[in-house]
Amino acid sequence: MLVIIMSYKKNGKWNEMKEISEKRFKQLGYRVKTIEGYNLKQHPEIKPNQVVYLNFRDKVLPYINKLKFKDGILVAEDDAYISDKLTPKFL
């Protein structure tokens, strides 16, 4: 199963939480792909309550539409840290 993590870069570096989230998903047996979303400081026209939706619509959906997958996809924000129970086998 693939997990798509939505994150952003600040000064060319990924958000620190992304690394923790990515490591956790990999520990539980997921394949991980990170997609760079909007950075609010670079896009002041985007409100904080809009950024997740716009990242999903503009960045994640176009990527998913190009995939041919059988196992399913999870989409997570870069600060997601999931329970031990939520393994690919469980889902």
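## Val 51 and its surroundings

Leaving out neighbours within four places in sequence, Val 51 is in contact with Tyr 38, Leu 40 and Ile 46 (contact means heavy atoms within 4.5 Å). This is a predicted model, where local features need pLDDT of at least 70, side-chain atom pairs count only at pLDDT 80 or more, and totals for chains, interfaces and linings use all residues. Residues are numbered from 1 along each chain as its sequence is written, and side-chain values use heavy atoms, with hydrogens and water left out.

Val 51 sits in helix H2; helices (H or I, at least four residues) and strands (E, at least two) are DSSP runs, numbered from the N terminus. Is Val 51 buried or exposed? Val 51 has a relative accessible area of 12%, so it is buried (under 20% relative accessible area; exposed is over 50%, and partly exposed is in between, with a 1.4 Å probe and protein chains only). From Val 51 to Asn 65 you go 14 residues in sequence and 20 Å in space, C-alpha to C-alpha.

## Arg 24

Over in helix H1 (residues 16-27) you'll find Arg 24. Arg 24 counts as buried because its relative accessibility is 9%. Skipping residues up to four places away in sequence, Arg 24 touches Tyr 81, Ile 82, Ser 83 and Asp 84.

## The nonpolar cores

A nonpolar core is a set of buried Ala, Val, Leu, Ile, Met, Phe, Trp, Tyr and Cys residues joined through side-chain atoms within 4.5 Å. The largest one here has nine residues: Met 1, Val 3, Ile 5, Phe 25, Leu 28, Tyr 30, Ala 76, Ala 80 and Ile 82. Apart from that core lies another, of six residues, among them Ile 4, Met 6, Ile 35 and Ile 64.

## The largest pocket

The largest pocket has a volume of about 320 Å³. On a 1 Å grid over the protein atoms alone, a pocket is an open set of points with protein on both sides within 12 Å along at least five of seven lines, and lining residues have an atom within 4 Å of a point. The volume is the space filled by probe spheres set on the points, which are joined across faces, edges and corners.

Of the 17 lining residues, Ser 7, Tyr 8, Asn 15, Tyr 38 and Asp 78 lie nearest the centre of the largest pocket. Helix H2 supplies the largest share of the lining, three residues.

## Confidence

The mean pLDDT of the protein chain is 92, with 100% of its residues at 70 or more (pLDDT is the predictor's confidence in each residue, from 0 to 100). Confidence is lowest in strand S2 (residues 9-10), at a mean of 88, and highest in strand S4 (residues 31-36), at 96.

How values were computed. On a 1 Å grid over the protein atoms alone, a cavity is a set of points where a 1.4 Å probe fits but cannot get out, and a pocket is an open set with protein on both sides within 12 Å along at least five of seven lines; lining residues have an atom within 4 Å of a point.
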